[in-house]
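Let's walk through this fold one piece at a time, with a helix as the way in. Have the viewer open and follow along.

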Amino acid sequence: MTEKAAADIYLDNNATGAVARECLEAMLACLRPGIGNPSSRHAAGLRAKSFLQEARGEIAALVGARPQEIVFTSSGTEANHTAILGVLARYPHRRHIVTSTVEHPSTLMLLRHLEETGIRISRVPVDTEGRLDPEAVRAALAPDTALVTLMWANNETGVLFPIAAIAETIRASGVPFHVDAVQAAGRVAIDVTQVPVDMLSLSGHKLHGPPGAGALFVRKGFRIAPLLWGHQERRMRGGTENLPAIVGFGSACALAREDLEVQARRVRGLRDDLERGIIACFPAARIHGAGAPRLPNTSNVGFGTLDGEQIMDALDRHGVAVSLGAACAAGGREPSHVLTAMGLERRAALGAIRFSFGRYNTGACVERVLTLLPGILGEVAARAA
Ligand code: PLP
C-alpha cells in the first residue's frame with residue numbers, strides 16, 4: 001500500500017482548486033504586453049485599468065452586485081478582516097459582535113484577538129447537523145452590537161446557513177451584516193439584490209482562480225474605515241492591485257456563472273455517489289451535516305473510531321488528496337472546532353475526512369476512491385486493534 005498512484009485525484013477543492021485554463025489564458029493576456037499600474041494616466045495604465053474594471057464587473061455579476069460595490073483584497077482572509085475591523089473603526093462606541101461557533105479561522109482568530117482587547121463576542125451555537133437558528137442570532141443582539149458576521153457555507157462540512165432568513169430577521173435592528181461567502185460563491189446562487197447583507201467576502205482560489213485575489217462586496221451607501229490606507233479602491237483598500245491575480249479571479253467568476261447550476265448538479269451527483277459507496281463499504285460511517293442544506297461539492301465523513309490522519313495519509317500515498325477538517329489546520333492533532341461544536345466527541349472528530357469536489361473531478365475519481373477505501377480502512381483498523 002505504499003506506492004504512489006500515477007494519476008492524482010484531487011478532492012481538496014475547498015482548500016484550493018486547480019487554476020482553470022481560461023484563467024491562466026486571461027492572466028497571460030494581461031501580463032504578456034507588459035503590465036501598467038491601473039492608477040497611472042498613460043496608455044499602459046489605462047490598459048491595466050480596463051483589465052481591472054472588466055474583472056470587477058465579472059466578480060460583481062457572480063453575486064448580483066454593481067461593479068463599484070467590489071473592493072479588491074489579497075484574499076478571503078483580508079476581506080473578512082476588512083469587514084470586521086472596518087466596521088469597528090467606523091463605530092468605535094459599539095463594542096459587541098455576534099458570530100457563530102463554526103466560523104473559518106480567519107474570522108475566529110481575529111475575533112478571539114479582539115476579545116482580548118475588550119470587544120464582547122457572542123458566539124451563537126449550531127445544532128448537531130451544523131444548523132443555525134435565525135432567531136438565536138437575533139436574540140444575541142445587544143444595544144451596542146457593531147456587526148453580525150457569519151459564513152454562508154461552512155468550509156469543513158459544506159453546511160449552508162439560512163443567510164436570507166437571518167438577514168430578514170435582524171434587518172429591523174439596523175445592525176450591519178457581514179457574510180463570509182468564500183466557500184459559497186460560485187457553488188450556490190448568490191444575489192445581493194435579494195438578500196440584504198451589507199458586506200460579503202469572496203476569494204478567487206476557491207473557484208479555480210489563482211490565489212492572491214479576494215474581494216469584499218460593500219453595499220452602496222455603506223461605509224467602512226479601510227484596513228490599508230491609500231487612494232485605490234475608492235479609498236477602501238490602499239495598495240496597487242494584484243492585477244494578474246484579479247484578472248484570473250474575474251475569469252473564474254465568469255466561468256462559474258456560465259454553468260453554475262449544471263456544475264452544481266454534476267458535482268452533487270459525484271458527491272452523493274461517493275457517500276453512498278462509503279456507507280455501503282463501511283456502514284458505521286457518518287456524514288456530518290447530512291441533515292442540513294449543504295454545498296453540493298462537500299462531504300465530511302466520520303469513520304467511527306478510525307484515525308482520520310492515517311486514512312488521509314494512506315489515500316495520499318495512492319495519489320488521492322483529501323483533507324482532515326479545515327485545510328488550514330491540516331497536520332494539527334486538535335479535533336475540528338466545527339465538528340466539536342456539532343457535538344462530536346474528540347475521537348469521532350479526529351476520524352473525519354473532508355472530500356471536496358471541483359470542476360475537474362469525474363466519476364472515475366469516485367470509483368478510484370471507492371476501490372481504495374476498503375483496503376485502507378481495513379489496514380487502519382488492523383493497526384488500531
Ligand atoms: N472563509 C472561508 C469560509 C474559507 O473556507 C476560507 C479559506 O479556506 C477563508 C475564509 C479564507 O480565504 P483565503 O484562503 O482566500 O484567505
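Predicted model: local features only at pLDDT ≥ 70, side-chain atom pairs only at ≥ 80, totals over all residues.

Residues are numbered from 1 along each chain as its sequence is written, and side-chain values use heavy atoms, with hydrogens and water left out.

H8 covers residues 260-281, and its 22 residues reach 32 Å from first C-alpha to last, close to the 32 Å expected at 1.5 Å a residue (the expected span being 1.5 Å times one less than the number of residues). Helices (H or I, at least four residues) and strands (E, at least two) are DSSP runs, numbered from the N terminus.

Now the other face. Leu260, Gln263, Ala264, Val267, Leu270, Arg271, Leu274, Glu275, Gly277 and Ile278 are buried in H8. They span an arc of only 165° around the axis, so they end up on the same side of H8; the arc is taken from the directions from helix axis to C-beta atoms. An α-helix has 3.6 residues a turn, so residues three or four places apart point the same way. The cover over H8's buried residues includes H2, helix H7 (243-258), strand E9 (286-287), strand E10 (298-302), strand E12 (352-356) and helix H12 (363-384).

In the loop between H7 and H8 you'll find Asp259, which is buried at a relative accessible area of 18%. Its side chain makes a polar contact of 2.8 Å with that of Arg359. A polar contact is a pair of N or O atoms within 3.5 Å; within protein, one must be able to donate a hydrogen and the other to accept it, and residues adjacent in sequence count only if both atoms are side-chain atoms.

E10 is well tucked in, with 5 of its 5 residues buried. Thr298, Asn300 and Gly302 point one way, Ser299 and Val301 the other. Its pairings are tabulated below with one from elsewhere; two strands pair if DSSP finds at least two bridges between them.

| Strands | Sense | Bridges |
|---|---|---|
| E9 and E10 | antiparallel | 2 bridges |
| E10 and E12 | antiparallel | 5 bridges |
| E6 and E7 | parallel | 3 bridges |

Within these pairs, Arg286 has Gly302 of E10 as its bridge partner, Val301 faces Ile353 in E12, and His178 stands opposite Met199 in E7.

E6 and E7 belong to an open, mixed sheet of 7 strands, ordered E2-E8-E7-E6-E5-E3-E4. Strands E2 (70-73) and E4 (120-124) are the edges, each with a single partner, so one side of each has no neighbour in the sheet. From one strand to the next the twist averages 20°. Helix H2 (residues 43-62) lies across E2, E7 and strand E8 (214-218), at about 110° to E2. Axes are lines fitted to C-alpha atoms, for helices over the stretch in contact, and angles run from 0 to 180 degrees between N-to-C directions.

Last stop: Thr107, in helix H4 (residues 105-116), is buried at 0% relative accessibility. Beyond its neighbours within four places in sequence, Thr107 is in contact (heavy atoms within 4.5 Å) with Asn80, Ile84, Thr99, Thr149 and Asp180.

Note on methods:
Buried < 20%, exposed > 50% of the residue type's maximum accessible area, 1.4 Å probe, protein only.
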